[in-house]
Amino acid sequence: MPQVKIFSGSASQYLAEKIATAYGTKLGDLTISRFSDGEIGVHFNESVRGAEVFIVQSTFPPADNLMELMLLVDAAKRASAHKVIVVMPYYGYARQDRKDKPRVSIGAKVLANAIQSCGADRLMTCDLHAGQIQGFFDIPVDHLDGSAIFVPYLRSLNLGSNLIFASPDVGGVVRTRSFAKNFGAEMVVCDKHRKRANEIASMQVIGDVEGMDVVLVDDMVDTAGTITKAAELLKEKGAKSVRAIATHPVLSGPAYERIENSVLEELVVSDTIPLKHESSKIKVLSFADLFARAINNVVTHESISSLFI
């Protein structure tokens with residue numbers, strides 16, 4: 001069996017170290033340097049010849065981190081790695097998955113092309129904004145499901161028969177229904193209309209939440225406008241409590257202030273993106289064990305779906 005080596009780009013080292021520890025190895029040694037004009041250079045400080053190389057790197061903010069990732073993949077291929085697998089906990093540009101108006105790019109496809117063009121043999125990611133992005137790739141894609149981490153946490157809260165799940169928009173119905181099915185619970189939908197990106201014009205609740213403990217489910221929280229407005233509306237409709245789950249804490253602009261001032265009991269997120277600030281209302285669950293188990297299953301040719309709930 002080929003030797004397994006786990007390396008990290010500069011953006012995700014905090015998570016890659018935990019993944020390597022959970023897998024039972026140390027993070028590989030490499031050097032990432034920059035010329036005075038900002039040009040990036042990478043160098044593996046140990047041999048990767050014949051090894052299965054896993055490179056952990058998310059794309060936040062996307063440009064430099066993506067370039068760094070591509071250079072690392074290229075360096076590993078040129079150093080005769082047996083296979084190079086990109087582990088991208090947060091897949092940037094995932095919201096640009098289609099042409100929703102004339103003369104726009106499909107950023108998620110551009111990113112897929114970039115990853116493949118530098119020689120990656122496989123991609124491992126988690127909770128894509130749109131599952132069909134997997135079809136943009138001509139290499140295997142392991143799409144991990146964050147519910148494997150979030151569902152056990154929700155069970156530990158013992159919310160009982162009052163539990164109901166809510167999708168903050170129509171696009172998240174499938175994801176939310178999956179959570180509801182795990183608990184044998186009902187779900188409602190918050191139907192929103194946007195004026196423009198990051199700005200909500202109106203929102204209404206489809207379904208009854210009177211006296212219920214509501215869990216909002218989303219793949220990411222950016223400015224937190226949608227999630228906090230949905231929580232406020234659900235409380236107005238009689239919800240007993242409202243908490244939210246979102247895999248990727250982008251949390252830009254006024255997000256932290258909005259969450260602190262919101263009616264949310266808590267916002268539960270993962271460590272695919274590091275928090276910029278601490279918040280009494282934000283709880284972070286680690287995906288390190290999930291990725292470590294997925295890496296092991298890839299190496300031993302076992303099922304990835306066995307990791308799902």
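Me: Where do arginine 78 and aspartate 74 lie, and how many residues apart are they?
Reply: In this predicted model, both residues are in helix H2, four residues apart, which is about one turn of the helix.

Me: What do their side chains do?
Reply: The side chains of arginine 78 and aspartate 74 meet in a salt bridge, at 2.7 Å from N to O.

Me: Is arginine 78 buried or exposed?
Reply: Arginine 78 counts as exposed, because its relative accessibility is 68% and the exposed class begins over 50%. Aspartate 74 is partly exposed, with a relative accessible area of 25%.

Me: How many salt bridges does the structure hold?
Reply: The structure holds eleven salt bridges. One of them joins the side chains of arginine 34 and glutamate 68, at 3.7 Å from N to O. That pair links distant parts of the chain: arginine 34 belongs to strand E2 (residues 30-34) and glutamate 68 to helix H2 (residues 62-78), 34 residues apart.

Me: Which residues are linked in a network with that pair?
Reply: Arg34, Asp64 and Glu68 are linked in a network of salt bridges.

Me: And the accessibility of glutamate 68, buried or exposed?
Reply: Glutamate 68 is buried, with a relative accessible area of 0%. Arginine 34 is partly exposed, at 43%.

Me: What about aspartate 142 and arginine 122?
Reply: Their side chains meet in a salt bridge at 2.6 Å, N to O. This pair also links distant parts of the chain, with aspartate 142 in strand E7 (residues 141-144) and arginine 122 in strand E6 (residues 122-126), 20 residues apart. Aspartate 142 is buried, with a relative accessible area of 6%, whereas arginine 122 counts as partly exposed at 23%.

Me: Changing topic: how many disulfides are there?
Reply: There are zero disulfides in the structure. As for individual cysteines, cysteine 126 counts as buried at 1% relative accessibility, and cysteine 190 counts as buried at 0%.

Me: Now the second largest pocket. How much space lies in it?
Reply: The second largest pocket holds about 260 Å³ of space. It is lined by 14 residues, and those closest to its centre are Thr59, Pro62, Tyr90, Arg95 and Val250. The lining divides into nine nonpolar, three polar and two charged residues.

Me: Last one: where is valine 4, and what does it touch?
Reply: Valine 4 is in strand E1 (residues 4-8). Leaving aside residues up to four places away in sequence, valine 4 touches Tyr23, Glu52, Phe54 and Val299.

Me: Buried or exposed?
Reply: Valine 4 counts as buried because its relative accessibility is 15%, and the buried class is under 20%.

Key: Residues are numbered from 1 along each chain as its sequence is written. This is a predicted model: local features need pLDDT of at least 70, side-chain atom pairs count only at pLDDT 80 or more; totals for chains, interfaces and linings use all residues. Side-chain values use heavy atoms; hydrogens and water are left out. On a 1 Å grid over the protein atoms alone, a cavity is a set of points where a 1.4 Å probe fits but cannot get out, and a pocket is an open set with protein on both sides within 12 Å along at least five of seven lines; lining residues have an atom within 4 Å of a point. Grid points are joined across faces, edges and corners, and a volume is the space filled by probe spheres set on the points. Ala, Val, Leu, Ile, Met, Phe, Trp, Tyr, Cys and Pro count as nonpolar, Asp, Glu, Lys and Arg as charged, and the others, Gly among them, as polar. A disulfide is a pair of cysteine sulfur atoms within 2.5 Å. Buried means under 20% relative accessible area, exposed over 50%, partly exposed in between (1.4 Å probe, protein chains only). Helices (H or I, at least four residues) and strands (E, at least two) are DSSP runs, numbered from the N terminus. Contact means heavy atoms within 4.5 Å. A salt bridge is a side-chain nitrogen of Lys or Arg within 4 Å of a carboxyl oxygen of Asp or Glu.
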